Amino acid sequence: KNNIASTCKHTKKMKILVGVKRVVDYAVKVRVQNNTVDLKNIKMSLNPFCEIAVEEAVRLKEQKVADEVVAMTIGPKQATETLRTALAMGADRAIHIMTDLRTDYMELQPFAVSQIFQKIVEEEKSDLVLLGKQGIDSDCGQTGPMLAGLLDWPQITFAANIETDGTSMTVERETDSGTETIKIPQLPAVVTCDLRLNEPRYATLPNIMKAKKKKVDTRVAEDMGIDLSPRNQVLEVFEPAPRKEGIMVEDIDSLIDKLKNEAGVIA
């Protein structure tokens, strides 16, 4: 009896840090003004891949593999709304690194972001970091790999399935030619989440109300002793050229003829 109690007492469950990013909503058509994307009066929301990461973290907690899920974001005051979404989905508490720098690569870039995450991971003593595979604003996909390098942790990107007992982890990941399965024998690790990993839940009204009472720690990015200046300069931002109007063809033979002789896409 005493031996069982002692074993249970010393069983360690994972502490998960999950990154969430505030981005232009995926359904919004962006406007380019003054050589940058205009962010005024535009709908912002939780990055879809980060939402998948939050869902996976919450599921691991529901499976009793993890005992705490901490959501973290970097951004302006309004990014608190993004954190509240993660809290309503089931995260236990949140960390808001405040900055007025643009986070869509124009000012704050992945190397600085990964250094901020490194500092928080070390302070929080996290066992697993879950991130979206990329932000839909910059599409860089660099923060996860850079963070793993800074921490000297193993990483798995583009996760499509995650299985873990809290000590080791087996992940199926997306590749250009299918999927591959990788095992990490010992945590900690950094994992970035892809589209097929899960389908995020909708936050219920009671959970949205509960999220308002959950703890959000706020810090200022500029006070963390990290060089936040961009490593690259964006020289030009422009909207894609409008698509040409399509044409109707009379039959399949006409379609094949145009694809072959005009478009040159078939031999």
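Biologist: Is Glu250 buried or exposed?
Modeller: Glutamate 250 is exposed, at a relative accessible area of 78%; buried means under 20%, exposed over 50%, and partly exposed in between, with a 1.4 Å probe and protein chains only. This is a predicted model, in which local features need pLDDT of at least 70, side-chain atom pairs count only at pLDDT 80 or more, and totals for chains, interfaces and linings use all residues. Residues are numbered from 1 along each chain as its sequence is written, and side-chain values use heavy atoms, leaving out hydrogens and water.

Biologist: Where does Glu250 lie?
Modeller: Glutamate 250 sits in the loop between strand S13 (216-220) and helix H7 (252-263); helices (H or I, at least four residues) and strands (E, at least two) are DSSP runs, numbered from the N terminus.

Biologist: Changing topic, how many salt bridges are there?
Modeller: The count is 19, a salt bridge being a side-chain nitrogen of Lys or Arg within 4 Å of a carboxyl oxygen of Asp or Glu.

Biologist: Which residue pairs with Glu123?
Modeller: Arginine 219 does, with the closest N and O atoms 2.5 Å apart.
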